[in-house]
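Hi there,

Here is the structure I promised to pass on to you. Have a look at it first, and then read on below.

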Amino acid sequence: MLLILLVMVLLWEALCRGLAIRPFILPAPSLVLKDFLSEPAYFMKHSGYTLLTTLVGFIVAVIGGVACAVGIVYSKLLDRLLSALLVSLNAVPKVALAPILVVVLGSNELPRVVITVLVAFFPLV
């Protein structure tokens, strides 16, 4: 597995250099590593924000998804009311909702958390 990862990174580096791909389109792994090593605190800070957003979204999805699933299993009424709605909502591409959520909810963490909840919620139910 580690060998496959190493080959992929080397191939990525070779393609970026060989095809002269501009770094703002696809930076080579060596440039990514150079930037990371130049300001590790910056990258760790933003990685922490991403981790927090993911954890909050996943926790909300687990609580909501398990509660919804338990309700559907133990209540015929909830099963009849929610099953078709959940199947319909699951069919909507989550990526298509992202710009709408940013416009409606603003460009803060809330739309990111909502997208995370939507992605994690339906497999749980």
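Below is a short tour of what turned up in it.

One thing to keep in mind from the start: this is a predicted model.

**Two salt bridges**

Side chains of opposite charge can pair when their charged atoms come close. How many salt bridges does a search of the whole structure find? It finds two.

One of them brings us back to helix α1, where Glu13 and Arg17 both lie. Their side chains meet in a salt bridge, with 2.5 Å from N to O. The two residues are four apart, about one turn of the helix. Arg17 is at 60% relative accessibility, and since the cut-off for exposed is over 50%, Arg17 counts as exposed.

The other salt bridge joins Arg112 and Glu109, whose closest N and O atoms are 3.2 Å apart. Here Arg112 is partly exposed, with a relative accessible area of 44%. Glu109 is partly exposed as well, at 37%.

Next, please look at helix α3 (residues 40-74) and helix α6 (residues 110-124). Their axes come within 7 Å of each other. At what angle do the axes cross? The angle is roughly 40 degrees. An angle under 35 degrees would count as roughly parallel, and 65 to 115 as roughly perpendicular, so α3 and α6 are oblique to each other. As for handedness, the crossing of α3 and α6 is right-handed.

**A residue in helix α3**

Finally, a stop at Thr54, which lies in helix α3. With 38% relative accessibility, Thr54 counts as partly exposed. How far is its C-alpha atom from that of Leu19? The two C-alpha atoms are separated by 35 Å, and the residues are 35 apart along the chain.

Enjoy exploring the model!

Best wishes

Key: Residues are numbered from 1 along each chain as its sequence is written. This is a predicted model: local features need pLDDT of at least 70, side-chain atom pairs count only at pLDDT 80 or more; totals for chains, interfaces and linings use all residues. Side-chain values use heavy atoms; hydrogens and water are left out. Axes are lines fitted to C-alpha atoms, for helices over the stretch in contact, and angles run from 0 to 180 degrees between N-to-C directions. Angles under 35 degrees count as roughly parallel, over 145 as roughly antiparallel, 65 to 115 as roughly perpendicular and the rest as oblique. A crossing is left-handed if the near helix is turned anticlockwise from the far one by less than a right angle, and right-handed if clockwise. A salt bridge is a side-chain nitrogen of Lys or Arg within 4 Å of a carboxyl oxygen of Asp or Glu. Buried means under 20% relative accessible area, exposed over 50%, partly exposed in between (1.4 Å probe, protein chains only).
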